[in-house]
Structure formats: structure tokens, C-alpha cells
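This report describes a protein chain, from its overall make-up to selected local features.

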Amino acid sequence: MKLRSLSLIVVMAAGLLPGAIAQNASSSASASKPAVIAELFTSEGCSSCPPADALLAELNRRKTLAGVPMIVLSEHVDYWNHDGWRDPFSSAQWTQRQNDYNLRFRLDSVYTPQMVIDGSQQVIGSNAAHVAHAIETAAAQPGKLQIAITGASWDGDVLHATVSVGDLSPQTAKGTTLYAVLADDEDTSSVERGENSGRTLKHVSVVRVMQKVSALHGPYSGPVDVKLPHGVARGKMRLIVFAQKGNNGDIFGAAQREV
């Protein structure tokens, strides 16, 4: 199966999310709502991806959409690397995660740019209207969990934190796992070859580590230790934790903290 980007991309520029959706809600309103995760599968070797990268950055800048707190993840796949430019943030792990979602959504093939919202819906990553609708739909789903991160601190290249998760229903708890992510706050590349040759590309919340913390069977409170991969510098980063059914199911709750 040949892995390529979709030939038809519906692009809506960052900053032009549907006008019916408020840019920000009050802090008190958004604080009471569980966060929704938007995962963008992207590549610096894909000419259709920069508009989606910009849309993800716009979601990140707004922080909330229709009063829903937003957590964004940029996961750079590696199957574009043979087309002239090796994406420095790419990993086979993110390609595998996208393939796992592909099985769930029963698509003919994976593609970029693809955005997955709370593990439950997938849309073209540059289609702002579809992204906004998916976020609203995900936020309305029942069974969301409250997750909190406290006491995050570095010891060399290992981040230590404490994470607490609220009570889970029996239906939610079965097969649900707590994951931890370390992501660069921002990254910039000057692309020298490939489809984006000559462009300077900017990314937000670029995933460097994603690991399983613990199976969830009920309320949880415990330590999370995440080690940076070899060669990844410790700059301004984000710790993101989320609870997901299996490795490609619904995401029931998430939290993030700058570190």
C-alpha cells in the first residue's frame, strides 16, 4: 500500500476557524470542562502539511474552542523521508500510531495531514470547519475524566511528576491506559530539499516521547517518570498525560503542564 497525502485538501487558513465558534470562553467556564486532544499526523516532506501545522498552531494559541480546553500534539511520521527530505522530528513510532488509528477508522491507507480528535474521529488536518465540528462532538461525549499533574521537576534528562485521575466507570476502566508524553513547545526547520524545499516551517507541541504509565482500574494517583531520548535537548517542553482505551480507542481525559 503506497502511503501518500490526500490529493484533495480543503484548506482554511489558520485564524479563520468558523465564526460561529467563539475564540475563547471565560476561564471559569473552560476550567470546568475536560480537555480535548487534537493529534496531527504530519511531515515536513509533505507540501500539503504546512496549512495543517498552522491550524494546529492556531488551536494551540487559542487554548480553548467553544469553551473547550484544547491540547494539541504534532506527531511527525517517517514515510515521507525517502522523498528528498528527512524530517528531523519524524519517528516510526508515530507512523505506527497512525497505522493503529487507520485500523480503527478502516481507511484504505494512512495520509497526511490527518488530525485525530480524542481518538474518536479523524479529519483532514487542514479543514478547519471539520476540525472544529469534531472538537465540539468530542467535548459532548459522556464519561470524561478529570486528570491533574502536580509537582513536575527535572532530574537531569528525566522528568518526575505526580498524576491523579478521577474515578472511572466500569465501562471506561476496562482496557484503559494512562499515557505520558513529552513534547517540544515549539520547533522550527529550514527545509532544504523535498516538496517544501526553501520553506521555513514552524511546529508546536512536537512529540518526542510517548509511553504507557499504568493500566487504569479506578481512581489513580502516582508518579510519572519520563526520560528524554538520546540527542533530544531539554528546552521548553510540555508534559501531557491522557487516558485512552487501548492504543487506538477513545481518549477519556487529558492534562498538560509546561516544564
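## Basis of the model

The model is predicted, with local features requiring pLDDT of at least 70 and side-chain atom pairs pLDDT 80 or more, while totals for chains, interfaces and linings use all residues. Residues are numbered from 1 along each chain as its sequence is written, and side-chain values use heavy atoms, without hydrogens and water.

## The chain as a whole

The protein chain contains five helices and 12 strands; these are DSSP runs, helices being H or I of at least four residues and strands E of at least two, numbered from the N terminus. Of its 259 residues, 51% are buried, that is, under 20% relative accessible area with a 1.4 Å probe, protein chains only.

Strands β6 (residues 147–155) and β7 (residues 158–165) run antiparallel and are joined by seven bridges; strands pair if DSSP finds at least two bridges between them. Trp-154 has Leu-159 of β7 as its bridge partner. Two residues lie between the strands of this hairpin, and Gly-156 takes a positive phi near 70°.

## The largest pocket

The largest pocket has a volume of about 300 Å³. Its lining comprises 16 residues, with Asn-60, Lys-63, Met-70, Arg-238 and Gln-256 the closest to the centre. A pocket is an open set of points on a 1 Å grid over the protein atoms alone, where a 1.4 Å probe fits, with protein on both sides within 12 Å along at least five of seven lines; lining residues have an atom within 4 Å of a point. The volume is the space filled by probe spheres set on the points, which are joined across faces, edges and corners.

At least two lining residues come from each of β3 (68–76), β8 (176–190) and β12 (251–258).

Conventions:
Buried means under 20% relative accessible area, exposed over 50%, partly exposed in between (1.4 Å probe, protein chains only).
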